[in-house]
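This report goes through one protein model, part by part. Keep the structure in view while reading.

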Amino acid sequence: MMQSDIELNDYNDFADIRVLSVPDDLAGTRLDAALAKILPDFSRSRLTTWIKEGRVTVDGETAQPKTKLWGGETLAVDVQPDPNEVAFDAEDIDLDILYEDATILIINKPAGLVVHPGNGNWSGTLLNALLFHYPELRQIPRAGIVHRLDKETSGLMVVARTLQAQIHLINQLQERTVKRHYLAVAHGLIAADGTIDAPIARHPKDRIKMAVVRTGKPSITHYHVLERFTAYTLIECRLETGRTHQIRVHMAHINHPLAADPVYGIAPKMDTSSEVRMALEELNRQALHARKLSLVHPESGKTMTWKAAIPFDLEQLIGTLRADVGMSQDEFDDDDEDDDHDCELIYVRE
């Protein structure tokens with residue numbers, strides 16, 4: 001199998017972050033020895049390597065293998081799977097394939113589907129499904145996956161069917177020639193369009209979250225106001241970079257977190273109507289959908305764009321928000337007359 005020498009970045013950030021508490025009976029023990037007891041499934045040498053690489057933090061701070069622990073500390077371990085030890089099973093899981101040829105697949109991922117095994121989700125993922133429907137993808141790293149969506153974010157993804165296509169697409173992501181547009185509902189009233197240019201990294205204290213951190217990776221999100229409701233705003237977000245949780249972190253950073261976001265969100269205002277509250281509870285996920293995807297086809301060189309319909313649960317929330325302000329459904333024009341279709345394929349440039 002050919003190997004790619006591309007350095008994977010946040011587009012392929014499938015790390016398993018384990019947050020652990022040091023038991024009192026390990027007081028006085030070195031960090032590497034304590035980890036070997038707490039995580040017996042991994043060799044001590046492997047754990048030591050992760051510590052030296054900065055993949056282990058003690059109360060939010062990196063440490064050395066010989067660092068002594070006193071009990072009660074919080075450890076965060078960025079578990080890195082050994083590609084030579086990982087063998088994922090093919091599973092018969094339905095996929096919504098919007099486009100396919102010999103080079104790429106375009107998938108409309110539903111909310112609730114994990115992209116890649118890990119972090120307690122070792123089966124039932126998009127990767128498992130890809131291996132069932134396209135067995136040849138076992139010969140390509142990560143079954144051709146080049147970027148991801150959070151488990152509860154719905155929408156469009158591209159998967160490579162050849163190693164050459166995967167390398168080409170990763171290069172496009174790094175060069176920002178892949179265009180991704182998201183539909184989102186944000187908390188509060190956003191006054192005008194804007195751009196958020198704020199670096200993102202792992203949260204210094206809570207390693208299962210991301211945050212705006214001065215020393216983080218450059219991250220840019222553009223947002224455009226589509227509609228304003230009583231206490232929420234429908235927006236379109238366009239990414240220049242693809243950091244983990246980028247839209248969710250950036251919108252929370254400007255005090256407009258996404259509606260119903262279980263990690264970065266806030267509770268509805270007290271005066272929010274019961275209908276809107278119920279719609280938010282029924283959504284039960286962040287109000288975020290990857291609606292449009294544009295890229296240069298790795299084989300033909302054509303720029304192609306796909307546009308997927310708004311999923312039912314998000315459509316129901318938007319409908320409730322419109323009704324709450326007395327707006328009828330047909331008053332909104334998203335420049336889209338094809339929402340009744342699964343996908344609109346647009347050839348932008350020959």
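## Helix α7

The model is a predicted one. In helix α7, the buried residues are Leu314, Leu317, Ile318, Gly319, Leu321 and Arg322. An α-helix has 3.6 residues a turn, so residues three or four places apart point the same way.

Helix α7 covers residues 312–324, which makes 13 residues. From the first C-alpha to the last it reaches 18 Å, close to the 18 Å expected at 1.5 Å a residue. Gly326 follows α7 and has a positive phi, near 75°.

## The contact between α6 and α7

How far apart are the axes of α6 and α7, and at what angle do the helices pack? The axes are 9 Å apart, and the angle is about 170°. Angles over 145 degrees count as roughly antiparallel, so α6 is roughly antiparallel to α7.

On the α6 side, the residues in the contact are Glu275, Val276, Ala279, Leu280 and Leu283. They meet Asp313, Leu314, Leu317, Thr320, Leu321 and Asp324 of α7. Sorted by class, this contact of α6 with α7 has seven nonpolar residues, one polar residue and three charged residues.

## Val185 in strand β8

Strand β8 holds Val185. Is Val185 buried or exposed? Its relative accessibility is 1%, so Val185 counts as buried.

With neighbours within four places in sequence left aside, Val185 is in contact with residues that include Leu314, Leu317, Ile318 and Leu321. Other contacts of Val185 include Tyr232, Thr233, Leu234, Leu258 and Ala287. Ala259 is also in contact with Val185. In sequence, Val185 and Ala259 are 74 residues apart, while their C-alpha atoms are 5.7 Å apart in space.

## Helix α4

Helix α4 runs over residues 163–175 and has 13 residues. Its reach from first C-alpha to last is 18 Å, close to the 18 Å expected at 1.5 Å a residue. Leu163, Ala165, Gln166, Leu169, Ile170, Gln172 and Leu173 are the buried residues of α4.

What do the buried residues of α4 pack against? They pack against β6 (104–109), β7 (154–160), β8 and β14. Just after α4 comes Arg176, with a positive phi of about 65°.

## Aromatic pairs

How many aromatic pairs does a search of the whole structure find? The search finds two. One is formed by Phe42 and Trp50, whose ring centres are 5.2 Å apart; their planes stand at 65°, so the pair is edge-to-face. Phe42 and Trp50 are both buried.

Tyr99 and Trp306 form the other pair, with ring centres 5.4 Å apart and planes at 50°, so this pair is tilted. Tyr99 lies in strand β5 (residues 97–100) and Trp306 in strand β15 (residues 303–308), so the pair ties together parts that are 207 residues apart in sequence. Both Tyr99 and Trp306 are buried.

## Ile51 in helix α2

Ile51 sits in helix α2, residues 44–52. Ile51 has a relative accessible area of 1% and is buried.

Apart from its neighbours within four places in sequence, Ile51 is in contact with Leu31, Asp32, Leu35, Val56, Ala63, Gln64 and Pro65. Ile51 and Leu35 are 16 residues apart in sequence, and their C-alpha atoms are 9.8 Å apart in space.

## Two loop residues with positive phi

Asp59 is in the loop between β2 (56–58) and β3 (61–62). Phi of Asp59 is positive, near 50°, in a residue other than glycine. Asp59 is partly exposed, with a relative accessible area of 41%.

His245 is in the loop between β13 and α5 (246–253). Phi of His245 is near 60°, again a positive value in a residue other than glycine. At 16% relative accessibility, His245 counts as buried.

## The chain as a whole

The protein chain has seven helices and 16 strands. It has 350 residues, of which 51% count as buried. Among contacts with a separation of 6 or more, 69% are between residues 24 or more positions apart.

How values were computed. Residues numbered from 1 in each chain as written. Predicted model: local features only at pLDDT ≥ 70, side-chain atom pairs only at ≥ 80, totals over all residues. Heavy atoms only, no water. Helix = DSSP H or I, 4+ residues; strand = E, 2+ residues; numbered from the N terminus. Expected span 1.5 Å × (residues − 1). Buried < 20%, exposed > 50% of the residue type's maximum accessible area, 1.4 Å probe, protein only. Phe/Tyr/Trp six-rings, centres within 6.5 Å; stacked < 30°, edge-to-face > 60°. Axes fitted to C-alpha atoms, helices over the stretch in contact; angles between N-to-C directions. Parallel < 35°, antiparallel > 145°, perpendicular 65-115°, else oblique. Contact = heavy atoms within 4.5 Å. Nonpolar A, V, L, I, M, F, W, Y, C, P; charged D, E, K, R; others polar.
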